[in-house]
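User: Could you take a close look at the charged side chains here and walk me through the salt bridges?

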Amino acid sequence: MLSAPKEFLGAGSRKVVHRAQLDGVNVAVMSPRDRCSLKTDLSAMTKTKGAKHVLQMIAGDERQLVAEFAPLGSVVDFADELEFGGRSLSPCDRTQIMKQ
């Protein structure tokens with residue numbers, strides 16, 4: 001069973017993402033903003049099902065998507081965080097991100 005949202009992860013112009021738990025496992029829950037639809041996201045995640053190094057959709061429709069949770073965020077987010085701290089993305093950092 002999907003828990004109530006536990007932590008705000010981020011937002012864009014069309015959706016909001018929260019961390020929740022599904023059967024005790026952390027997941028990312030995407031919900032549309034206002035009257036937006038997740039139709040494009042649903043289509044993209046359906047097309048990439050089973051692709052290596054791509055977060056997988058667990059369940060979803062145009063109103064809500066549940067996907068695997070990436071504790072380090074996206075590669076871009078992580079690279080930005082490192083750059084802000086005066087570091088660059090090392091081969092070890094890349095490996096850690098790809099393993100999540």
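Analyst: Here is a tour of the salt bridges, with a charged patch at the end.

A bit of housekeeping: this is a predicted model, where local features need pLDDT of at least 70, side-chain atom pairs count only at pLDDT 80 or more, and totals for chains, interfaces and linings use all residues. Residues are numbered from 1 along each chain as its sequence is written, and side-chain values use heavy atoms, leaving out hydrogens and water.

The structure has four salt bridges (a side-chain nitrogen of Lys or Arg within 4 Å of a carboxyl oxygen of Asp or Glu). One of them pairs E7 with R19, with the closest N and O atoms 2.9 Å apart. That pair ties strand β1 (residues 7-11) to strand β2 (residues 15-22); strands are DSSP runs of E with at least two residues, helices runs of H or I with at least four. R19 counts as buried because its relative accessibility is 17%, while E7, at 38%, is partly exposed (buried is under 20%, exposed over 50%, partly exposed in between, with a 1.4 Å probe and protein chains only).

D41 bridges to K15 at 2.5 Å. Here D41 sits in helix α1 (residues 39-47) and K15 in strand β2, 26 residues apart. D41 is buried at 13%, and K15 is partly exposed at 23%.

D61 and R63 also pair up, at 3.1 Å; R63 is exposed at 64%. Through shared partners, R14, K15 and D41 form one network.

Finally, E81 lies in helix α2 (residues 75-84) and is exposed at 56%.
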